[in-house]
Amino acid sequence: MAEQVRIAVVGPFSGPRSAWGELLRRSARQFTEPSLVWELHDDRGDAEWGVLRAGDVTDDGGYAAVIGHFNSAGAEGALPLYRRAGLPVVLPLATRPGLLAGSGGGALRWCPDDLGQLRAIAAAAAGHGLARLLVGHDDSDYGRHLAALFTALPAPPLALSALPSPWKPRAGDAVAVCGTHVGVAGVVRGLRRAGFDGRLFATDDCSVGEFAELVGTAGRDVHVTRLAGGPERRVEAAFTALAGALSGDPAARGERLLARIRAHADAAFTADGELDVTPGTDAGHGWEIRPVRPVRPARPGTRGTGGAPTEVASFDVAVVGAGVVGSAVAAATAAAGARTALIDAGPAVPSATHWSGGIVRAYDPDPEMRALAVRSHQLLWGRSSGHARRYGFRRTGSLVLLGPGDLPEAVRGVVELQAGGIEAELLTVEDIADRWPQLAAEHAAGAVWEPGGGCADPRLTTSEYRRQALTTGAQVLDDARVHGLEPHPLGALVRLDGSSVLAHSVVVAAGSGTPALLAERLPAGAGTAEPVTRRIRYGYFDRGGRALPALVDLVTGVWGRPMPEEPGAGTLLVGRPVDEWGVPPGGGTQLTPEQVEYVRDGASTVWPWLREARCLGGRHGTDLYRKDGPLLGVVPGEPWTVVAACWSGGGFKTAPAAAESAAEKVLANLRRQGRISA
């Protein structure tokens, strides 16, 4: 086997700018091949952390190249370190002017600089007939630096000036806000609350999908600057050139590697490594201005709780719950032409998806869950590696250990899986020992093995569905805590903090928050008075480089899967059932030493080497259980509502099919009403 080539990928993989890190992470997955290893280094989008990560990379001495440093200030401080180490650097998104001036090479930048985007904003404002543009910022170092550049820019016939404080809006004003997408969203919301209803321009950090979610209903008449074609295209182009250069010449390093990257690039560069812009192009070349899709305007005369005015936005469907199922439903309904609101309670109320273990398999001992899992395999998990990888899926194989009483259902299940086009087989305990000597399965009676099973990063899966929903026109209402559902002559009124959503159909995919929203409308199972919450808890244990399948043990209840992604990359994620019921929704990232040992003691029955393995962290969350299985369908009563909940801890693998079923019911209802075409 050829020696592997290591590339350092430096970017914000945590913190408020992590949405940008996902672009780098996604491309690293897309361009994975046996000879190339993309290793992530988290700089949190912070300049000082960027320099620290550069020190880690150069001290290691084993990397062929660096790609990343989204943060321009971090890149500026890191470049001298890389230059001294002879490490070529590829910069897809660092836009600070003069970043490579006089460097004489060593780095290649795939994007134009910030002066171009500022000129593009000025040209757009002038093109709208505006005479004055006020320039503000989010009080970050980045925002202040960009605003200073902007106000110093000659932009006739437009008059540029700093946004005064305090400031009273006046007719004809327009405002450009510079800064991070999180900070700018806060400024925009504040300006709208202050009564400013004019045109707003936001700088390129806001060209990530999360900005539309953060700005919410304040996004009307907001225009965002972005790299022409979108930042994703720049990242993918940079990865393509670097991967092509190293695949063709794995031994290339330093100047030779830089020359090969240039040869594989889709652009030309100056001697310093800047994009070689064609002479005579306009001042804003390489940048474009795109509107944020507005939320529908308020309906006059609507009153909220206590008679106070409230804003009401109207949609065909409101999806309550923005975990993996809710996001997938929103993507499907929006793609079908339905005006869709995806209501996300925000980081203060994380969904069950946030804490999911992410195991993916088609076999389940429950026939209803198994049918959904088989369909999910056909819709997503079993598709081409490149397609499934976009959703964070990794094919490790899936092993389900069986007790003696589980064997008859397993025989039926394997037949069903095979009939659905899924490779599956029954294994004996001896088969397991032969294939995975690092596992202990003497307590089991056999296993179901699926080579096509594995695991996924639930956050990436949800992010991809949410991206699709936004792309096809859905509105994401962030930090919009839902207080209740009320019947309305046109359908349903979803009451939020200070506003409401009017929808003709509602989907509730709110996980552990579902009972509070639907109360007595939830059908009780035969053996339980109502669905009940239960704590889930798991730890990350050093797996010592062992190649392991995803595993669920029906005998002991423990489960685990290898972790290729953060947090816990290179570990085995291991969970054990805990007898904690009726707990409040939510979760956390800390386990006590006693909780770690509880997980270790149970899991070492299957993975004996865990007795000595280091625990590198853990998480806990909440699932909603129902003895008679999941609730997926129209619930009785008003308003007309589809529920998708009560997955009893195993719902992630079935999310694509559950969302398909819920979306089909909603779309059929809208077609009956004549609100969308058949």
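Which residues is Tyr465 in contact with, leaving aside its neighbours within four places in sequence? In this predicted model, where contact means heavy atoms within 4.5 Å, the partners of Tyr465 are Val324, Ser327, Ala328, Ala331, Leu380, Tyr391 and Pro656. The model is read at a pLDDT of at least 70 for local features and at 80 or more for side-chain atom pairs, while totals for chains, interfaces and linings use all residues. Numbering starts from 1 along each chain as its sequence is written, and side-chain values use heavy atoms, with hydrogens and water left out.

The average pLDDT of the protein chain (the predictor's confidence in each residue, from 0 to 100) is 86, and 92% of the residues score at least 70. Residues 294–310 have a pLDDT below 50, although this stretch has 30 contacts in the model beyond near neighbours in sequence. Where pLDDT is low, predicted coordinates should not be read in detail.

The protein chain contains 18 helices and 30 strands, taken as DSSP runs numbered from the N terminus (helices H or I, at least four residues; strands E, at least two). The radius of gyration, taken over C-alpha atoms, is compared with a globule rule of 2.2 Å times the number of residues to the power 0.38. For 678 residues a compact globule would have a value near 26 Å, and the 27 Å of the protein chain agrees with this. The C-alpha trace spans about 80 × 70 × 50 Å along its principal axes. Of the contacts with a separation of 6 or more, 72% are between residues 24 or more positions apart.

Buried residues (under 20% relative accessible area, with exposed over 50% and partly exposed in between; 1.4 Å probe, protein chains only) make up 55% of the 678 residues. Nonpolar side chains tend to be buried together in soluble globular proteins. A nonpolar core is defined as a set of buried Ala, Val, Leu, Ile, Met, Phe, Trp, Tyr and Cys residues joined through side-chain atoms within 4.5 Å. The largest such core has 42 residues, of which Val319, Val325, Val329, Trp381, Tyr465, Val507 and Trp647 touch the most other members. Two or more residues each are given to this core by strand E12 (311–320), helices H10 (324–335), H11 (367–381) and H15 (458–471), strand E30 (641–645) and helix H18 (655–672). H18 supplies the largest share, nine residues. A second, separate core of 41 residues includes Leu36, Leu93, Leu257 and Leu275.

Two further buried positions were examined. Ser27 lies in helix H1 (residues 18–30) and counts as buried at 3% relative accessibility. Apart from neighbours within four places in sequence, Ser27 is in contact with Val235, Glu236 and Phe239. Trp436 is located in the loop between helix H14 (429–435) and strand E18 (446–450), and is buried with a relative accessible area of 9%. With neighbours within four places in sequence again left aside, Trp436 is in contact with Leu399, Leu427, Trp449 and Pro549.

The structure holds zero disulfides, a disulfide being a pair of cysteine sulfur atoms within 2.5 Å. The closest cysteine sulfur to that of Cys178 is in Cys206, and the separation of 9.3 Å is too far for a bond. Cys178 is buried, with a relative accessible area of 0%, and Cys206 also counts as buried, at 3% relative accessibility.
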